[in-house]
Amino acid sequence: MATHAGKRQANVAMNVANADTPGYEATRIARFSENYRADAVGQLRTTRVSHFQGSATSSAAAPKGAEVEPSPNGNSVSLELEMLESVDAAREHSRALAIYRHAMTIVRSTIGPMK
């Protein structure tokens, strides 16, 4: 989850960096929950071709074009949408870290006090 949020944040940064580039087409990486639900139930998901069975690519690894009307120079970056996307990715990352911290707390309490 945290890795996925990091990829989304990097994608937003690339879009913002190219906000003035003529002809640049903004891309989007779907939220983790959308990618997770999009896969068929009971199917194996793969992120590398070397993995056996399942689909050859992950939907998280393939950015999709943004649904924004391009500006006169052909650029489709909307800074307002990028700002919202950035906040959403930061929330997703914070949520993932909270889950990881809670899991570590459970592991520590299971192990018991360290001496």
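Modeller: A salt bridge here is a side-chain nitrogen of Lys or Arg within 4 Å of a carboxyl oxygen of Asp or Glu. By this rule, the count comes to five salt bridges. This is a predicted model, in which local features need pLDDT of at least 70 and side-chain atom pairs count only at pLDDT 80 or more, while totals for chains, interfaces and linings use all residues. Residues are numbered from 1 along each chain as its sequence is written, and side-chain values use heavy atoms, with hydrogens and water left out.

Biologist: Thanks! What makes the contact of Glu-85 and Arg-8 a salt bridge?

Modeller: Their side chains meet at 2.7 Å, N to O, and the rule asks for a distance within 4 Å, so the pair qualifies. Glu-85 lies in helix 3 (residues 79-111) and Arg-8 in helix 1 (residues 2-17), so the bridge ties together parts that are 77 residues apart in sequence.

Biologist: And why do the side chains of Asp-88 and Arg-8 count as a salt bridge?

Modeller: The N to O distance is 2.9 Å, and the cut-off is 4 Å, so this pair passes too. Asp-88 lies in helix 3 and Arg-8 in helix 1, so here the parts tied together are 80 residues apart in sequence.

Biologist: Which residues are linked with Arg-8 in a network of salt bridges?

Modeller: The network links Arg-8 with Arg-31, Glu-85, Asp-88 and Glu-92.

Biologist: Why is Arg-28 called buried?

Modeller: Buried means under 20% relative accessible area (exposed is over 50%, partly exposed in between; 1.4 Å probe, protein chains only). Arg-28 has 16%, so Arg-28 is buried. Glu-82, with 1%, is buried as well. Glu-85 and Arg-8 are both buried, and Asp-88 is buried too.

Biologist: How many of the 115 residues of the protein count as buried?

Modeller: The share is 25%.

Biologist: What makes a run of residues a helix or a strand?

Modeller: Both are DSSP runs, numbered from the N terminus: helices are H or I with at least four residues, strands E with at least two. The protein has three helices and two strands, in the order α-β-α-β-α from the N terminus on.
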